[in-house]
Amino acid sequence: MHCAQYTAGTCRSCQWLDKPYATQLEDKQHDLAELLGDLPVGEWREPVYGAEQAFRNKAKMVVSGSVERPLLGMLHRDGTPVDLCDCPLYPASFSDVFRHLKTFIARAGLTPYHVGRKRGELKHLLLTQSQFSGGLMLRFVLRSETKLAQLRAALPWLMQQVPALQVVSANIQPVHMAILEGETEIALTDQQALEEHFNQVPLFIRPQSFFQTNPQVAAALYATARDWVAERDISSMWDLFCGVGGFGLHCAGPETQLTGIEISAEAIVCAKISAARLGLKNVEFKALDSTGFATGNDAVPELVLVNPPRRGIGNELCHYLDSMAPARVLYSSCNAVSMAKDIRELKNYRIERVQLFDMFPHTAHYEVLTLLIREDAVDL
Ligand SMILES: C[S@@+](CC[C@H](N)C(=O)[O-])C[C@H]1O[C@@H](n2cnc3c(N)ncnc32)[C@H](O)[C@@H]1O
Ligand code: SF4
């Protein structure tokens with residue numbers, strides 16, 4: 001893939017752009033094999049990959065420059081801004097949206113935040129697209145509510161220029177730190193969730209909930225989890241770190257007892273809407289800490305699916321799972337280092353199958369799906 005910013009040396013976020021894509025996949029597979037090292041693996045599946053460019057559904061833009069000439073992109077460590085509106089990882093349609101946003105910033109008088117001077121209001125713009133409808137969610141991350149009235153007053157113009165905009169909100173992030181967003185979210189449109197569909201499963205994207213950023217590969221990941229679960233007659237499962245419910249909602253049939261656990265209440269709202277749409281009756285989604293939920297529960301489902309953040313599931317949950325001993329554990333991870341560490345703690349399990357999903361082309365990162373089966377299981 002060609003990137004003018006990379007060639008010019010102005011953005012090096014894609015550290016592997018010089019590597020041919022086939023070599024990137026080989027290197028990732030090799031890295032995964034090294035991390036699992038001594039652990040026997042029943043079956044290695046071929047890596048799954050998608051488009052090499054325009055695969056991201058989300059742009060996180062740092063706003064800098066002046067109110068008349070804003071830049072949307074990133075800041076180097078020394079504070080030098082780079083405009084990344086032409087980044088080839090985004091869908092082509094984003095460039096028009098960025099152009100209108102620059103005009104909008106000037107019209108609404110949203111002064112870009114200056115990190116060095118600690119002045120200005122508009123810090124970031126977060127833009128997400130649904131590949132199902134083409135609809136867009138836009139979030140303005142502001143230092144305070146000072147310019148909110150101006151933003152509201154100018155918004156009808158933006159909605160007219162960008163008719164795909166469905167969900168707009170303002171996030172207030174008063175802290176002078178490299179934190180992307182704050183706790184307060186103010187809805188600026190009646191619609192507050194963007195509808196997405198993967199494999200005919202309706203999923204909803206809301207401002208403060210995690211959503212996969214590579215829809216093509218994420219859809220393949222969920223479909224694979226669904227297929228692996230369907231190999232056995234699973235009547236009860238937990239989906240821990242469930243986000244908006246993508247895994248559980250793919251895997252559950254009409255009779256499956258599914259419990260989805262996720263710390264973000266916003267994401268749980270989305271998961272419940274999806275479950276209702278699918279007509280799933282034996283499903284519950286709760287906004288809780290996964291470890292707290294698991295360790296405080298006597299029930300043992302037939303399968304536990306985990307999809308934690310980069311830090312992994314951690315020792316306490318590993319030890320609890322190992323002793324509570326569900327027949328199967330399906331572990332989806334965006335960090336094979338923490339996953340390999342966790343699996344070593346699951347001493348009663350063997351690795352039945354592993355498959356790599358390249359969610360993050362041109363970087364060293366990847367997603368991996370691992371099926372673990374309890375050692376003493378005869379035919380599970
Ligand atoms: C990698 S995301 C996976 C989300 C979801 N499974 C999906 O496919 O989109 C990890 C999720 O874990 C959630 N999370 C983080 N810490 C948590 C905790 N202690 N308990 C439950 N969920 C947590 C995050 O909010 C995030 O939604
Ligand atoms: S993030 Fe975008 S602009 Fe930066 S190197 Fe990657 S493709 Fe190029």
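These legends describe close-up views of ligand 2 and the residues around it in a predicted model. Residues are numbered from 1 along each chain as its sequence is written, while chains are lettered from A and ligands numbered from 1 in the order in which they are written. In this predicted model, local features need pLDDT of at least 70 and side-chain atom pairs count only at pLDDT 80 or more, but totals for chains, interfaces and linings use all residues.

**View 1. The shell around ligand 2.** Cys 3, Cys 11, Cys 14 and Cys 87 are among the residues that surround ligand 2 (C-beta atom, placed from the backbone, within 6 Å). The shell has nine nonpolar residues, two polar and no charged. Here Ala, Val, Leu, Ile, Met, Phe, Trp, Tyr, Cys and Pro count as nonpolar, Asp, Glu, Lys and Arg as charged, and the others, Gly among them, as polar. Domain 1 (4–52 + 214–374) and domain 2 (58–190) both supply shell residues, so ligand 2 lies between them. The bounds come from an automatic or database domain assignment.

**View 2. The annotated cysteines.** An unreviewed UniProt entry marks Cys 3, Cys 11, Cys 14 and Cys 87 as "binding site". They span 85 residues in sequence, yet no two of their C-alpha atoms are more than 10.7 Å apart, so they gather at one spot. Such annotations may be inferred rather than shown by experiment.

**View 3. Cys 14.** Cys 14 is partly exposed, because 19 C-beta neighbours lie inside 10 Å (buried means 20 or more others, exposed 12 or fewer, partly exposed in between).
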